[in-house]
Amino acid sequence: RQQYGPTGANVFIFHLPQSFTEDDLRGLFTTYGKIVSCRLFLDRATGRSKCFGFVSYEGPESAQAAIQALNGYQVGNYRLKVQLKAGDGENAPPPHGKTTGGGPGGGR
């Protein structure tokens, strides 16, 4: 089961090579801080990587350091996309059904 760090300490990683293992993921991200948990998502039918994963750190500083260093980092033919987990910080989308204001009508 996935464990999470505090708010702002959980990162989602897209575009991992299919050959990447959970150990590879942990090895790449451990440089930036103490990892609470690391998970590579696998297809249940084939056992192959779905090419994305999560890493949770003890603190948000580590997550920000990992995002700054590894977002756009090239692994093989892939460029990683690394961001905070949805609902876990500034770049998370607004809650379902909520808007961020602005737009036509001015809230009338």
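These questions and answers go through the terms used for a predicted model.

Tutor: In this predicted model, local features need pLDDT of at least 70 and side-chain atom pairs count only at pLDDT 80 or more, while totals for chains, interfaces and linings use all residues. Residues are numbered from 1 along each chain as its sequence is written, and side-chain values use heavy atoms, with hydrogens and water left out.

Student: Why is S62 called buried?

Tutor: Buried means under 20% relative accessible area, exposed over 50%, and partly exposed in between, with a 1.4 Å probe and protein chains only. S62 has a relative accessible area of 14%, so S62 is buried.

Student: Which residues does S62 touch, not counting residues up to four places away in sequence?

Tutor: They are Y32, G33, K34 and Y57, where contact means heavy atoms within 4.5 Å.

Student: How many aromatic pairs are there?

Tutor: The count is five. Rings of Phe, Tyr and Trp (its six-membered ring) pair if their centres lie within 6.5 Å; planes under 30 degrees apart count as stacked, over 60 as edge-to-face and the rest as tilted.

Student: Why is the pair of F12 and F14 called edge-to-face?

Tutor: The ring centres of F12 and F14 are 4.2 Å apart and the planes stand at 85°, so the pair is edge-to-face.

Student: Why is the pair of F12 and F54 called tilted?

Tutor: The centres of F12 and F54 are 4.7 Å apart with planes at 50°, so this pair is tilted.

Student: Are F12 and F14 buried or partly exposed?

Tutor: F12 has 13% relative accessibility and therefore counts as buried. F14 has 25%, so F14 counts as partly exposed.

Student: Which residues do ring pairs link into a cluster?

Tutor: The cluster holds F12, F14, F41, F52 and F54.

Student: How do you know that the charged end of K81 sits over the ring of F14?

Tutor: A charge sits over a ring if NZ of Lys or CZ of Arg is within 6 Å of the ring centre and within 35 degrees of the ring normal. The charged end of K81 is 5.4 Å from the ring centre of F14.
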